Structure formats: C-alpha cells, structure tokens
Amino acid sequence: PQQAFSAYSIEWREVVDLRGKEVKVPLHVKRSVDLISYTTDLALGIMDRLVSMSKYAYRNPLMTKAYPNITSIPSPGSSFSLNVEEVAALKPDVVFMWNYKPDLIAEVEKLGIPVICINLKSYNDIKALITLLGEVYGVEDRAEQLLSGMDSIIAMVRERVLSVPENERVKILYLWSKPTKVQGGWGTMEDTIELAGCMNPAAEELANKSYVNVDFEQIVKWNPDIIVIWWYAKYTPESLLNDSKWQVIKAVKEGKVFRKPYYEHWGPDYALFVLWLAKKSYPSLFSGINVTKLMDEYYMK
C-alpha cells in the first residue's frame, strides 16, 4: 500500500538524526561527506564511500596510522567552516555535520543534499550515532559488533569501580584549550568521568555547561585529585606541574596531571577512554588487566 512507503522504499529510507529531525536518504548511500565520524566509518569498513571528510581527519593519529592514504580524500573544511561550493561539486548522497551552525546546515540543505546532524551529550547518544551510521550505510551487523565491543569494556569498568563509595570517588577536572577552561556537567566528557567511577567537581556548579572559563581561585576551591588535559591543548602537563601557582592543588602536588591520549568522544574508542581514565584513577582495581594488550586487540578488531 502507498502509505507503507512513507518511511522506507526501494530507493530511499527515512532516518531520525540526533537533533530529532526526519531525514530522507538514498537506500544505498555510495557518496558520503562525513565531517564527524570518519574513525567510525573506518571501523564500519565503508571508507570507499567517503568522497570527503573534515580537515581534522588529517590530524587524527588513528586515521593516519590505520588509513595511510587518507590524504587522497579531499576536505571542504569542517562543520564549523565549510566550503559549500566544494560540497556541491562532490554531489554527495548525504552529509554528516555537527549541529552547531544552523545557517551553514541550511546552506547545504538548500542544495537539495540530505544533512544528518549530530548532537551528543552521553554514551547512549554515541551508541545511537553508531547505530544510525550502520543504518545509513546498510552495515547494521557491523555496527552491532562495534556496540557490543564498547558495552563489554564499559561493563568491565563499571563492575570494578562499583565498590568505590560515593564519598571516596576520585575528583577529576578536565581542562580544555587553556588551563582555566573546564568541563562542566553537560556532555560526553561528563559521562566519561561518571562511567569511570569518578566525579567532576565542576559538574554541580556548571550543571548545564560544557566548556567554561573560570577563575583560578575556583579551581583551587575544587582541588581535584587528577587533572586531565585535552589532547589538542597547546599547553602541557609539565607547564602546570612546574608552575608554583598550581602547587596548591592536590593533583599537581601529587604529579597526577595527564594529557589525554587520542580517544574520540563519539566513536568506538570512547570505551577505551573510559578504561584509561578508570585505570589512572583506581590503578589497584585494574592491576590484573594488561590494559595496553587489551587496547591493542580492541583496535585491531
């Protein structure tokens, strides 16, 4: 019957993106511009369908290692600064973009190109994104394998940190582009800290915010046990450890200031970030696990 084709036909399917909008895409996507999930695309085995991706893919150590010919795929920019004319010339079946610049999204949609927008705030959202990618590319079984692998690691971590009393949880402060720009209580990073059995001392005061500039005195007040620095930050752990001003903070006094290894907050290696954070926070609870070996095997899969 005709109404049965409202959500699915022999030529197209309709999916709901992570802003809640219904988007009609070809049933067999062969040309994709993905400005977000290229590492997940690599894991899904659909790199041959990418006609373009974000300029940040060229700086991604996982991509350059696992997919050496990455530079053969052109880039029109990113979700934040996009050459729409270049996107149009590529004639993609679909474009994946962060849901941060509505005007830019509207420009692409005016070309008649389906745009799937991504907005993430939790581990469940990351899983929803991988499921969505599996559906769009028709590789649902592979997406389920990735989700199973992630859930397995998260479950292992949760089981080990379950014994930590709430009032003894390690306090982790996550710093972004500068030492006084902190992670608030909203977003995948906050979920990471909680899944690792830890707490973010900034979460309560900055409940609905992700990246917030604060006074140094506020960081002193929070007095975190561990400080983790964003991968792309231009300052280093040593710059804090060697700064006399920062010596009043417990994490600095005890030498527990770390730069986060490259783990994406929206792909399959998110689970490894949770494991890494938990191991840094509670080494005794993970003493029987060869984390490096586990991570190597995970990446190979």
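Author: Let us begin with a term: contact means heavy atoms within 4.5 Å. Please keep in mind that this is a predicted model.

Reader: With that term in hand, which residues is T188 in contact with, leaving aside its neighbours within four places in sequence?

Author: T188 touches L120, K121, S122, I126, H265 and Y270. T188 itself lies in helix α7, which covers residues 188–195.

Reader: Is T188 buried or exposed?

Author: Buried means under 20% relative accessible area. T188 has a relative accessible area of 10%, so T188 is buried.

Reader: Let us turn to the strands. How do strands of a sheet pair in general?

Author: They pair through backbone hydrogen bonds, either parallel or antiparallel. In this model, four strands make an open sheet with parallel pairing, in the order β4-β3-β5-β6. Its edge strands are β4 (50–53) and β6 (115–118), each of which pairs on one side only. On average, and ignoring direction, neighbouring strands of this sheet are turned by 20° against each other.

Reader: How many bridges join β3 to β5, and how many link β5 and β6?

Author: Three bridges join β3 (residues 32–34) to β5 (residues 94–98). One of the residues to look for is V33, whose bridge partner in β5 is V95. The parallel pairing of β5 and β6 extends over four bridges. There, F96 has I116 in β6 as its bridge partner.

Reader: In which directions do the residues of β6 point?

Author: V115 and C117 point one way from β6, while I116 and I118 point the other way. All of these residues are buried.

Reader: Which helices should I examine alongside this sheet?

Author: Helix α4 (residues 102–110) packs on the sheet and touches β5 and β6. The direction of α4 makes about 175° with that of β5. Helix α5 (residues 123–137) lies across β3, β4, β5 and β6, and runs at about 165° to β6.

Reader: How should I read the angle between two packed helices, taking α5 and α6 as the case?

Author: An angle over 145 degrees counts as roughly antiparallel, and one under 35 degrees as roughly parallel. Helices α5 and α6 pack at about 160°, with their axes 7 Å apart. Therefore α5 is roughly antiparallel to α6. Their crossing is right-handed. On the α5 side, the residues that meet α6 include Y123, I126 and I130; on the α6 side, those that meet α5 include A143, L147 and M150.

Reader: At what angle do α6 and α11 pack?

Author: Helix α6 (residues 140–161) and helix α11 (residues 270–281) pack at about 20°, with their axes 8 Å apart. These two helices are therefore roughly parallel to each other. The crossing of α6 and α11 is left-handed. Among the residues of α6 that meet α11 are M150, I154 and V157, and α11 contributes residues including Y270, L272 and L275.

Reader: What do nonpolar side chains tend to do in soluble globular proteins?

Author: They tend to be buried together. Here, the largest nonpolar core has 71 residues. Within that core, I116, I118, M150 and V157 touch the most other members. A second, separate core of 20 residues includes L175, V182, A251 and V257.

Reader: Where is I172 found, and is I172 buried or exposed?

Author: I172 is found in strand β7 (residues 172–175). Its relative accessibility is 1%, so I172 counts as buried. Leaving aside neighbours within four places in sequence, the residues in contact with I172 include I193, C198, V228 and L277. The C-alpha atoms of I172 and Q218 are separated by 14 Å, and these residues are 46 apart along the chain.

Reader: Finally, which residues have a positive phi although they are not glycines?

Author: Two cases may be examined in turn. K91 has a positive phi of about 50° and sits in the loop between α3 (84–90) and β5. With a relative accessible area of 65%, K91 is exposed. N223 has a positive phi of about 45°, and its place is in the loop between α8 (216–222) and β10 (226–229). N223 is partly exposed, at a relative accessible area of 26%.

Methods: Residues are numbered from 1 along each chain as its sequence is written. This is a predicted model: local features need pLDDT of at least 70, side-chain atom pairs count only at pLDDT 80 or more; totals for chains, interfaces and linings use all residues. Side-chain values use heavy atoms; hydrogens and water are left out. Two strands pair if DSSP finds at least two bridges between them. Axes are lines fitted to C-alpha atoms, for helices over the stretch in contact, and angles run from 0 to 180 degrees between N-to-C directions. A nonpolar core is a set of buried Ala, Val, Leu, Ile, Met, Phe, Trp, Tyr and Cys residues joined through side-chain atoms within 4.5 Å. Buried means under 20% relative accessible area, exposed over 50%, partly exposed in between (1.4 Å probe, protein chains only). Angles under 35 degrees count as roughly parallel, over 145 as roughly antiparallel, 65 to 115 as roughly perpendicular and the rest as oblique. A crossing is left-handed if the near helix is turned anticlockwise from the far one by less than a right angle, and right-handed if clockwise.
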